[in-house]
Amino acid sequence: MKIGFVGLGTMGGAMCANIVKKHQDKVYVYDVQEERVRELEAAGAIACESSLAVAESSDIIITMVPRSEHSLAVWEEMLPALTRDKTGIDMSTIDPDVSLKIARLVKERTGAGFADCPVVKSKAAAISGKLGIYAGCTEDVFDRIYPVLSYMGENIIRMGENGKGITMKICQNALSHEIQAAVNETLTLAQLNGISVDDFARAVSYGGARNYYLESKYEAIRDGDYEPAFPVEYALKDLKICERLSKSCNFSMPALCQAIGILNKAADMGLAKADNCACIEAVRQGTSLDKNSKMQQKKQ
């Protein structure tokens, strides 16, 4: 079984590297940035000149690209090479309605199987092959692709038919950042009243407010280490997808709006490419914890 992979960015490159390392057959790769292709080629993959060439050579084709329009364009390009005995997997985080459109195009025009399989967790998990993966597809397609997904993740769940995997990913990311907004707000209040980040994190771990975000990020927040694992700009993209999805359901999500507002503020502060935990700087702005305010006071 030959595997193709299109989209070798921060996450996709690490995910594909695991496939190359673990799969016993050929792996074909393509990315618009040639240096990314060469990196995977050096690891044992076979470089292709286009997405279409990847699809022509592969039995299972995986895409991991930035946005809805990119995913749709790639799958439209690959349609001529898809056949009933091939299977497509889109692991990108895109609008659910676009994902469903791609699924219909692939299945109705070519007869190929298709699954939306977005991932959760960040670059470190992609490198170690320990991503969480949400699958939206038929049961027979899920059984077919599960061994390939297991090269990249250790927590893999089928959420239902096409569109359900990406919908779950969007809900998960929204929830994560709603929790983040609450953590940033209450942590800032605690600090303004003399409680340290370490003591706050320890105390929260004793009660019902315990959460993964705080436990995994409090040291980075304490140290001001905003090296990107999942940048603000990516988080903002995902939450805006959720906003569009909620509007299509005529469903109001006030907590989501707050989280988007904080991300927007962080981006406006020049933190778009910083890790999303840098959003606490947007919450701290104007307080005695505001780094920019302190710098300005020193200049005065």
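By class, how many nonpolar, polar and charged residues does the lining of the largest cavity have? The model is a predicted one, in which local features need pLDDT of at least 70 and side-chain atom pairs count only at pLDDT 80 or more, while totals for chains, interfaces and linings use all residues. Residues are numbered from 1 along each chain as its sequence is written, and side-chain values use heavy atoms, with hydrogens and water left out.

The lining of the largest cavity has five nonpolar residues, three polar ones and no charged ones. Here Ala, Val, Leu, Ile, Met, Phe, Trp, Tyr, Cys and Pro count as nonpolar, Asp, Glu, Lys and Arg as charged, and the others, Gly among them, as polar. The structure holds one cavity of 30 Å³ or more. A cavity is a set of points, on a 1 Å grid over the protein atoms alone, where a 1.4 Å probe fits but cannot get out; lining residues have an atom within 4 Å of a point. Grid points are joined across faces, edges and corners, and a volume is the space filled by probe spheres set on the points.

About 30 Å³ of space lies in the largest cavity. H177, Q180, A181, N184, A259, I262, L263 and C279 line it. Two helices, α8 (164-192) and α12 (254-271), each supply at least two residues of this lining, and α8 gives the most, with four. Helices are DSSP runs (H or I, at least four residues), numbered from the N terminus.

Helix α8 also packs on helix α11 (residues 232-248), at an angle of about 115° and with the axes 9 Å apart. Axes are lines fitted to C-alpha atoms over the stretch in contact, and angles run from 0 to 180 degrees between N-to-C directions. The angle therefore makes α8 roughly perpendicular to α11, a label for 65 to 115 degrees, whereas angles under 35 degrees count as roughly parallel. In the contact (heavy atoms within 4.5 Å), T167, K169, I170, N173, A174 and H177 of α8 meet A235, D238, L239, I241, C242 and L245 of α11. These divide into seven nonpolar, three polar and two charged residues.

Helix α4 (residues 68-78) and helix α5 (residues 96-110) pack at about 5°, with their axes 10 Å apart, so α4 is roughly parallel to α5.

How values were computed:
1 Å grid on protein atoms, 1.4 Å probe; cavity = no way out; pocket = protein on both sides within 12 Å on 5 of 7 lines; lining within 4 Å. Parallel < 35°, antiparallel > 145°, perpendicular 65-115°, else oblique.
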